[in-house]
Amino acid sequence: MARRKQGPGDRISEAEHAVMEALWDESPLSAAEVCDRVCAANDWSIPTVKTLLSRLVAKNAVGTEPQGRKFLYHPLVERSDYVGVESRRLVDRLFGGRAAPLFAHLAESEALTDDDLAEIEALLKEMRK
């Protein structure tokens, strides 16, 4: 099952993201199995999940495998690739393409814990090696 990197035009909506998270956690899954994982929390029905899966297939984010009379779905986009693209979009859109203002904002809003700061410091030290 070949996976691809997410391209710049492949925007995944919040609803589609919930479906992707279910598939990243475990796959392949049928539409009913995806619904078991996301419908209750989002007040969705199986037709909603099938619509979201169809959209994700059209975006080449999800692939299908026939199994009898149903299809099994699996992600074609790696979660890490998706996170990377979306993180870059966030930094570009809100912080002019610079990460430092993002960290400053998080620090000023007290959104960073001591553990977060220690992890960031360790990452910076590793990057400077």
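**Reading the sheet and helix packing of a predicted model**

Author: In this predicted model, three strands form an open sheet in the order E1-E3-E2, and their pairing is antiparallel.

Reader: Which strands stand at the edges, each with a single partner strand?

Author: E1 and E2 stand at the edges, and because each has a single partner strand, one side of each is left without a neighbour in the sheet.

Reader: How should I read the pairing itself, and how many bridges join E1 to E3?

Author: As a general idea, strands of a sheet pair through backbone hydrogen bonds, and they do so either parallel or antiparallel. Here two bridges join E1 to E3, and these strands run antiparallel; within this pairing, Ser30 has Leu72 in E3 as its bridge partner.

Reader: How many bridges join E2 to E3, and how many residues lie between these two strands in their hairpin?

Author: Six bridges join E2 to E3, which also run antiparallel, and Gln67 has Lys70 in E3 as its bridge partner. The two strands form a hairpin with two residues between them, and in the turn Gly68 has a positive phi of about 65 degrees.

Reader: Turning to the helices, how many residues does H1 have, and what does it reach from its first C-alpha to its last?

Author: Helix H1 covers residues 14–25, which is 12 residues, and it reaches 17 Å from its first C-alpha to its last, close to the 16 Å expected at 1.5 Å a residue.

Reader: Which residues of H1 are buried, and what do they pack against?

Author: Glu16, Val19, Met20, Glu21, Ala22, Leu23 and Trp24 are buried in H1. The buried residues of H1 pack against strands E1, E2 and E3 and also against helices H2, H3 and H4.

Reader: At what angle do H1 and H3 pack, and which residues of the two helices meet?

Author: H1 and H3 pack at an angle of about 85 degrees, with their axes 10 Å apart. An angle of 65 to 115 degrees counts as roughly perpendicular, so H1 is roughly perpendicular to H3. Ala15, Glu16, Val19, Met20 and Leu23 in H1 meet Leu52, Leu53, Arg55 and Leu56 in H3.

How values were computed. Residues numbered from 1 in each chain as written. Predicted model: local features only at pLDDT ≥ 70, side-chain atom pairs only at ≥ 80, totals over all residues. Heavy atoms only, no water. Helix = DSSP H or I, 4+ residues; strand = E, 2+ residues; numbered from the N terminus. Expected span 1.5 Å × (residues − 1). Buried < 20%, exposed > 50% of the residue type's maximum accessible area, 1.4 Å probe, protein only. Contact = heavy atoms within 4.5 Å. Pairing = 2+ DSSP bridges. Axes fitted to C-alpha atoms, helices over the stretch in contact; angles between N-to-C directions. Parallel < 35°, antiparallel > 145°, perpendicular 65-115°, else oblique.
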